[in-house]
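Morning, everyone. I have one structure for you today, and I'll keep it brief. Have a look at it first.

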Amino acid sequence: MKSEEQPQRSESTANTTMETPAKGTPQKGPDSSPKEEGSSVRLRKELGLLEGITMILGIIIGSGIFVAPKGVITYVGSVGMSLIVWAASGLLTMLGALCYAELGTMIPESGGMYAYLHAAFGPLPAFLYIWVTAVLRNCAGGAVVAFTFSNYLVMAIFGGCEVVPDAAVRLITAILICFLSWVNCVNVKWATKVQNVFTVSKVVALTVVIVTGAVYLGTGHLDNYQDPMYGTDWRAGVIATAFYQSLFSYGGWENLYYVAEELKNPNRNLPLAIIVSTSLVTFIYTFTNAAYLAVLTPTEMISSSAVAVTFANRTLGVMAWIMPVFVICSTFGSTNGIIFTQSRLIFAAARKGHFPEALSLVNIDHVTPMPAIVIHGVGLLLMLVTSDVVMLINYTSCVMTLTNLGCMGALFWFRYREPDRERPFKVWLVLPVVFTVTQVFLLVLPIIQNPLEVGVAVVFIVSGLPIYYITIYCEPITKKLSRPMRRLTIWCQLLFRSLPEKEA
């Protein structure tokens, strides 16, 4: 890592390295560039509106919708309040996404929240975000989704097996992570094609659930909806915690902002992709839960270890086997989307000096941020040392709320300091105000219900302060680290056939 105040320069090495200009500026290559003079080694704009929509849908619709319904109903206790939480979470997601669209079109850089915090408040808040997000939240969340894929795959293969072998699940998870990391390394178009195909399959899966539930209701099975609010726990802290459960399922909409530089016509496609995808997800999630609750009572949902499978066994008969298959497709596509977007977050942080310079390199053959993809894959693999990563996700639930508050602060800051700045997409000021107030509500009230989890999340964020001081701010230490960091950059250039980005 490099000092924010005094960027280091890479030593010239025969035909392998490039001098590093000041951070945030395009970098020029040596005479022996792998491309002919005047060409570019840069991330390309290869994502259109369809790819943007499917990228968001593919990431959001992962394992959450097959796990979180149990958590929501456990907290709120009633059919009616459960559906209210799911619908309200979708509206809140759309509201936040629209607010972020203003920042995303105003600052069309890869990195999303990281780029906005850096532009508004400087390197320290941006580093704290990248620290907690890249090191813990994203790797833990991605590992949970990959674990879900492996569990359902093993259950589909060994249908009569009540206890899923842990070693087999971990091995399959590792293979999945390595395979999808390779796909993302070699071709951006392959990665987006994978996303398109598996996004369609998971939407079809949830459509089957919705249609089956509608048919079930249409045949007169209305018992669960006779008194929908019966059993509701009205405590504010409990309801806020239920929102955490559902918002986990909606998580991922912000990932499109990580790849803004690769999106064609972002001023048009970014807001459109956000509006279309979040509207679809809200509809799908709310009606999926309505279908679950039409067939299963709250008690049955709470006691089920796999709500979707229990639902299928109750309604689909001999065709119940298709539900694990659909879940496999869903989590496969979600894992692919996570690897694609989160590697861009690491790439963006490295360009600004918050991660080693080696992670800002671009492969000259495939034009992908290969070192960043590989290191993210390694982080996912490290999470396989424990199968209790769901606990880590719970600890970081409030981290997303804190970062949302930080980014809304950036939006208000830019409105105040730079009112005349070009904003291709500008939201009505009332929307970010409402979103901010809601985030405060979701941050404060769960402290009453789960003080330990919120406390651990805050402590982890604060732990980034000494890391920032030691590796970035403290000049004597950064000087000692500069030589091994330059060597690491050279090794990565050779190993991954990669170079810093080059101007066209």
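Start with helices H12 and H13: they lie roughly perpendicular to each other, because their axes cross at roughly 115° and angles from 65 to 115 degrees count as roughly perpendicular. Keep in mind that this is a predicted model.

Where are these two helices? H12 covers residues 322–351, and H13 covers residues 370–382. Their axes come within 8 Å. The crossing is right-handed.

Now, which residues make the contact? From H12, we have Ile 338, Ile 339, Gln 342, Ser 343, Arg 344, Ile 346 and Phe 347. H13 contributes Ala 372, Ile 373, Ile 375, His 376 and Leu 380. By type, that gives eight nonpolar residues, three polar and one charged.

Let's zoom out. The protein chain has 504 residues, and 57% of them are buried. It holds 19 helices and two strands. What about contacts along the chain? Take those with a separation of 6 or more: 82% of them join residues 24 or more positions apart.

On to the cores. The largest nonpolar core has 121 residues. Which members touch the most others? Tyr 100, Ile 130, Tyr 285, Tyr 292 and Phe 355. Helix H5, residues 123–157, supplies the largest share of this core, with 13 residues. There is also a second, separate core of five residues. Among its members are Leu 136, Cys 139, Ala 140 and Ala 143.

One piece of background to finish. In soluble globular proteins, nonpolar side chains tend to be buried together.

That's my part. Thanks, all.

How values were computed
Residues are numbered from 1 along each chain as its sequence is written. This is a predicted model: local features need pLDDT of at least 70, side-chain atom pairs count only at pLDDT 80 or more; totals for chains, interfaces and linings use all residues. Side-chain values use heavy atoms; hydrogens and water are left out. Axes are lines fitted to C-alpha atoms, for helices over the stretch in contact, and angles run from 0 to 180 degrees between N-to-C directions. Helices (H or I, at least four residues) and strands (E, at least two) are DSSP runs, numbered from the N terminus. Angles under 35 degrees count as roughly parallel, over 145 as roughly antiparallel, 65 to 115 as roughly perpendicular and the rest as oblique. A crossing is left-handed if the near helix is turned anticlockwise from the far one by less than a right angle, and right-handed if clockwise. Contact means heavy atoms within 4.5 Å. Ala, Val, Leu, Ile, Met, Phe, Trp, Tyr, Cys and Pro count as nonpolar, Asp, Glu, Lys and Arg as charged, and the others, Gly among them, as polar. A nonpolar core is a set of buried Ala, Val, Leu, Ile, Met, Phe, Trp, Tyr and Cys residues joined through side-chain atoms within 4.5 Å. Buried means under 20% relative accessible area, exposed over 50%, partly exposed in between (1.4 Å probe, protein chains only).
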